[in-house]
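Hi,

Here is the structure I promised to pass on.

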Amino acid sequence: MFVALLLLLAACGGAMSSNTTSTPPAPTRVNGFGTGANHPHALLALPNHVLVLATHYGTFWSGNDGARWTEVAGGSSQLMDGLMAYSLTSSPLDSQRLYELTLPAVSPHKGIPGLYTSTDEGRSWKLAITAQSLVSNQDVYLVAAGNDTPDEVYVYLPALGSAGLEVSTDAGAHFHATGSLPFGSLTALLALPGEPGQLLAASSDGMARSTDGGRHWKKIQSISGGIFGGVVSTGPGNPLYASGDAGVYASTDGGETFKLANAGIAYSSLTASTTQPHVLYGRTGTGVYRSTDGGTSWQALPHIAGNLFGLAADAHDASEVYLTLSYPTEVSHFDQASQTWMSLTPKP
C-alpha cells in the first residue's frame, strides 16, 4: 500500500501549497461512502470490532465490524470539511488513540489541513497541529504512532529529505527532528510494539533500523531493493514482515535481520494477523492471497472484481480479512466459513 506514495499524493491533488486546486466530486452518490470519484487511503481494523476508513472525501467509522457506517469527519459542516484523510495510524499501546493526517481534497476547503488525533477509536477528532506549522507550503504525508507512549507520534516531511522524520511526545502538539535517515525518502515507518524506541524505516533504497527513537539508524544489509508493500508487525516478540522488489521478507529477531520468505512475489499491500503470527495476506493488482506459514507459500482467495486497494487483517479471526476497493470506495470482508467475499459497503 505504500508503493509510490508521492505519485498517489500527486494523483489525489494533495499539496500544501496555496495554489492547490481540485475539482469537487460529482454530486451523484453511488453508495454510502459517496461518489464514484471517492477512493480509500487507509483502513484500520481495531480490537473492539471497530473499523476506521480514511478516504479522499471523508472518514468513516463502524463499531460493529462494518455492518453500519457513520461519516465522522470530512463531510459538509463536519470537522475536516473539504479535506482528504490521507494517512491513518493507531497506537500499539492504546487502540483508542488514533492519528490522521489530512490534506486538501477540494479548493476552497473549510477544514484546516494538518494532523488530527482521536482518543475514542476514531469516533471523534480534534486538530493537533496545522500543516503550516509542520512545514510551510510543502507536502506532508505519512504518520506513524510511536511505541514509548500513546502520545508519541512521527510524521515524515519529504521536502526535507533524509532530515524529514520528526517526532512528537505530546500527541502531535509539538514536533522536533530526529536523526538523519540513511536514505532520502521514506515509504513506511513502523514502531515495534513492546519495544520502546525501536523503529523500522522503509524506502525505495531498502530498510533501516533504529533503537533510540530515530536519533541513529543502521541500514539492514539483508534487504535487497526497495520496500513498497509496507512493514507489518504481528505483535510484541512475534515475526515482522515486509514486501518489496525482491519478494516477501520475514524477521524473527526484532528486525535486526530479514530473510526472504518467498522470492519473486511482490505485494502492493501486506497485512498480518496478531492472533496467529504466521498468517499473512497480500494483494496484487488482480487478487488477494493468503499465507499460513509466515510467507513461504501463498494461496489465492476467491476472485473479487474491482480496483483492489488495501488490506486489514481481522482483529479477532486470523482466517478473515478486510479489503478496500477504489473508484468508488467499497469495503468487503472475506468470510472463511462460506469462502466468499461479503460486501460491507453501505447503500446510498
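A word on naming before the rest: helices (H or I, at least four residues) and strands (E, at least two) are DSSP runs, numbered from the N terminus. This is a predicted model, where local features need pLDDT of at least 70, side-chain atom pairs count only at pLDDT 80 or more, and totals for chains, interfaces and linings use all residues. Residues are numbered from 1 along each chain as its sequence is written, and side-chain values use heavy atoms, leaving out hydrogens and water.

Let's start with Gly164, which sits in the loop between β10 (153–156) and β11 (165–168). Gly164 is buried at 0% relative accessibility (buried means under 20% relative accessible area, exposed over 50%, partly exposed in between; 1.4 Å probe, protein chains only).

Now the aromatic rings. Rings of Phe, Tyr and Trp (its six-membered ring) pair if their centres lie within 6.5 Å; planes under 30 degrees apart count as stacked, over 60 as edge-to-face and the rest as tilted. Searching the whole structure gives 6 aromatic pairs. One of them is Phe33 with Trp69, edge-to-face at 5.3 Å centre to centre and 80° between the planes. Phe33 lies in the loop between α1 (5–11) and β1 (40–46) and Trp69 in the loop between β3 (58–62) and β4 (70–73), so this pair ties together parts 36 residues apart in sequence. Both Phe33 and Trp69 are buried. Tyr267 and Tyr289 make a tilted pair, 6.0 Å centre to centre with 40° between the planes. Tyr267 is buried at 2% relative accessible area, whereas Tyr289 is partly exposed at 25%.

Best wishes
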